[in-house]
Amino acid sequence: MELWFTELQSKSIKMSYRVKDVLHTEKTKYQNLAIIETEHFGRMLILDDVVQLTMKDEFIYHEMMAHVPLVTHGNPERVLVIGGGDGGTLREILKHPVKEAHLVEIDERVIEASKKFFPALSVAFEDPRAKVFCEDGIAYVKRFKNYYDVIIVDSTDPVGPAVGLFAKEFYKDIYEALTDKGVFVAQTESPFYYEDLLKNVYSAVSSIFPHTAVYTATIPTYPGSLWTFTMGSKQIDPLTSDISNIPDLDTKYYTPSIQRSCFNLPAFINEII
Ligand code: AG3
């Protein structure tokens with residue numbers, strides 16, 4: 001018997017993966033959580049039937065989530081991840097000489113499951129610079145003024161518990177929580193399937209931050225593969241930032257030349273934003 005997992009990538013597109021093993025399923029307070037072993041992409045984390053990461057391609061998303069904003073900033077000391085309970089983005093942040101890497105995740109079951117099933121990501125939680133807060137990121141960020149150098153929003157799709165993480169009010173609170181040179185980035189979905197979301201986030205971020213820029217990466221297990229990230233920066237122009245001192249990073253996708261080239265957008269994305 002063949003077992004397949006199917007993600008409904010849009011109302012009319014399905015993507016299926018042949019499953020070798022179902023390792024874990026549970027209903028948490030916030031969402032359905034599943035961990036399966038797939039044939040081609042290896043171990044996979046699924047929340048509410050949506051692929052969050054696979055062992056084969058998670059490096060692309062996590063490296064691009066972390067290194068692009070941290071290098072744009074230049075010398076970040078305090079960094080915050082909102083969401084990202086698997087630990088992948090945190091692991092990449094910790095490759096930089098930061099002083100504090102905080103993570104606020106609403107669903108502590110995601111963290112616990114990652115500790116058990118994704119040790120290559122959750123190893124980040126053992127670093128003495130890492131601190132985890134299990135609460136709503138929207139409430140958390142309101143309590144800080146001028147504190148974090150970089151804030152990264154590693155959210156699920158804009159449905160259910162994550163809706164508020166794509167709202168203008170939240171971006172205003174992030175702006176306040178950032179230091180004067182602060183940089184913010186959020187994953188902003190596929191330009192094919194979430195065109196309006198990208199447009200709305202870009203317009204909200206650019207109404208708050210002096211600099212706004214979109215960058216992309218190719219992530220095979222996310223709908224459409226071509227993925228967007230939207231950055232807001234308080235002082236530094238991400239397109240001309242000083243990149244002469246990039247730390248020596250052990251990466252598989254990110255390179256110093258990608259730091260610049262990832263902001264070169266295809267014409268149709270420039271049309272959207
Ligand atoms: N967060 C972004 C997942 C978006 C995937 N969307 C989809 N498959 N429809 C991933 C969390 C990993 N740290």
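**Reading the ligand shell**

Guide: Strand S5 gives the most to the shell around the ligand: three residues. Strands are DSSP runs of E, at least two residues, and helices are H or I runs of at least four, numbered from the N terminus. This is a predicted model, where local features need pLDDT of at least 70, side-chain atom pairs count only at pLDDT 80 or more, and totals for chains, interfaces and linings use all residues. Residues are numbered from 1 along each chain as its sequence is written, and side-chain values use heavy atoms, with hydrogens and water left out.

Visitor: How many residues surround the ligand, and which are the closest?

Guide: A residue is near a molecule if one of its heavy atoms lies within 4 Å of it. Here 14 residues surround the ligand. Glu7, His62, Asp86, Asp154 and Asp157 are the closest.

Visitor: Which helix supplies at least two residues of the shell?

Guide: Helix H1 (58-73) does, as does strand S5 (50-54).

Visitor: What is 2.6 Å from a nitrogen atom of the ligand?

Guide: At 2.6 Å sits a polar side-chain atom of Asp86. A polar backbone atom of Ser155 is 2.9 Å from a ligand nitrogen. For Tyr61, a side-chain N or O atom lies 3.2 Å from a ligand nitrogen.

Visitor: How much of the ligand's area does the protein bury?

Guide: Accessible areas come from the Shrake-Rupley method with a 1.4 Å probe. Alone, the ligand exposes 400 Å², and the protein buries 98% of that.

Methods. Polar contact = N/O pair within 3.5 Å; in protein donor to acceptor, adjacent residues only side chain to side chain.
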